[in-house]
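Please consult the sequence and structure shown below.

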Amino acid sequence: MEASDVSRAMAAAISTAAELDLAVDDAIVLHNSNKLAVRLLPCDVFARVAHVGHEVAEFEVDLAQRLADTASPVASLEPRVEPRVYERDGFVVTFWTYYGFVTPRQVSPSEYANALKRLHEGMRRLDVATPHFMDRVAGAQQLVASRDHTPALADEDRELLSSTLRSLRRAIGDSGAAEQLLHGEPHPGNVLSARNGLLFIDLETCCRGPVEFDLAHVPEEVSEHYRGADQELVRECRQLVLAMVAAWRWDPGDQFPNGQRAGRAILRMLRDGPPWPALGDLRRLS
């Protein structure tokens, strides 16, 4: 979210919360990307704010409720207010229970893997219409193919990303792996630590595909503890995810901090060859 919009988004969250009888004297920005994540105090509520037109907020609220009914490890909506999307001053606001954030060092790989497996098991019980993960691949290919959309991307880098995305899309599509509803981006930044275990947030990235695509986003030691996964397919998905992320970093509208620097780092990884780092190993992508 642009800096000029942050104060307005925070004001929308604070005023909406106040109208719902949540006590708010302070607001702390926890994360700013396409959405603003804010901790409201002293009510201690986690608010997510996005521009109107971000209709996926409705999907996320509905999916969170449905997954909670399956006892899946997902963050809960704030129980003191009606579980829905609120609109104010050009923004949509949703309210969630606040939990402490977690770092990879605080979680054992087996705990992380077991939580993700439980999430996948709950997701298999739902009949939800979502995009296919290959839709993201196609979007990345369109960015790379258009010099108008990625004007700063060098020709040799454009060719590398184009060939990588094309070959992996074919190889993974031909793998015949079983597909289901996925989180889409279950990396450590979307994992919270609660009293009863790990919880996943940011359900707006859900898509359909093989579980190995989700495992491409978690640290390697976590994917190794996920029983039944095709580790060769996980490695191919890691390379695919890296290529997609690199493509997104060259979109002029990308809001990732130091995006092109991260994009260049990923391009070097792709040129260096395997082993491919998981997206969850954020230190290697910084």
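Which strands each supply at least two residues of the lining of the largest cavity? They are strand 3 (45–51) and strand 5 (91–97), strands being DSSP runs of E with at least two residues and helices runs of H or I with at least four, numbered from the N terminus.

The model is predicted: local features need pLDDT of at least 70 and side-chain atom pairs pLDDT 80 or more, whereas totals for chains, interfaces and linings use all residues. Residues are numbered from 1 along each chain as its sequence is written, and side-chain values use heavy atoms, without hydrogens and water.

**Cavities**
- There are 3 cavities of 30 Å³ or more (on a 1 Å grid over the protein atoms alone, sets of points where a 1.4 Å probe fits but cannot get out; lining residues have an atom within 4 Å of a point).
- The largest cavity holds about 110 Å³, a volume being the space filled by probe spheres set on the points.
- Its lining has 14 residues, of which Phe46, Ala75, Trp96, Leu192 and Ile201 are the closest to the centre.

**Aromatic contacts**
- The structure contains 3 aromatic pairs (ring centres within 6.5 Å; planes under 30 degrees apart are stacked, over 60 edge-to-face, the rest tilted).
- Tyr112 and Phe200 form a tilted pair, with centres 6.4 Å apart and planes at 50 degrees.
- Tyr112 belongs to helix 3 and Phe200 to strand 9, so this pair ties together parts 88 residues apart in sequence.
- Phe133 and Phe213 are also paired and tilted, at 4.9 Å and 45 degrees.
- Both Phe133 and Phe213 are buried (under 20% relative accessible area, 1.4 Å probe, protein chains only).

Definitions and conventions: On a 1 Å grid over the protein atoms alone, a cavity is a set of points where a 1.4 Å probe fits but cannot get out, and a pocket is an open set with protein on both sides within 12 Å along at least five of seven lines; lining residues have an atom within 4 Å of a point. Rings of Phe, Tyr and Trp (its six-membered ring) pair if their centres lie within 6.5 Å; planes under 30 degrees apart count as stacked, over 60 as edge-to-face and the rest as tilted. Buried means under 20% relative accessible area, exposed over 50%, partly exposed in between (1.4 Å probe, protein chains only).
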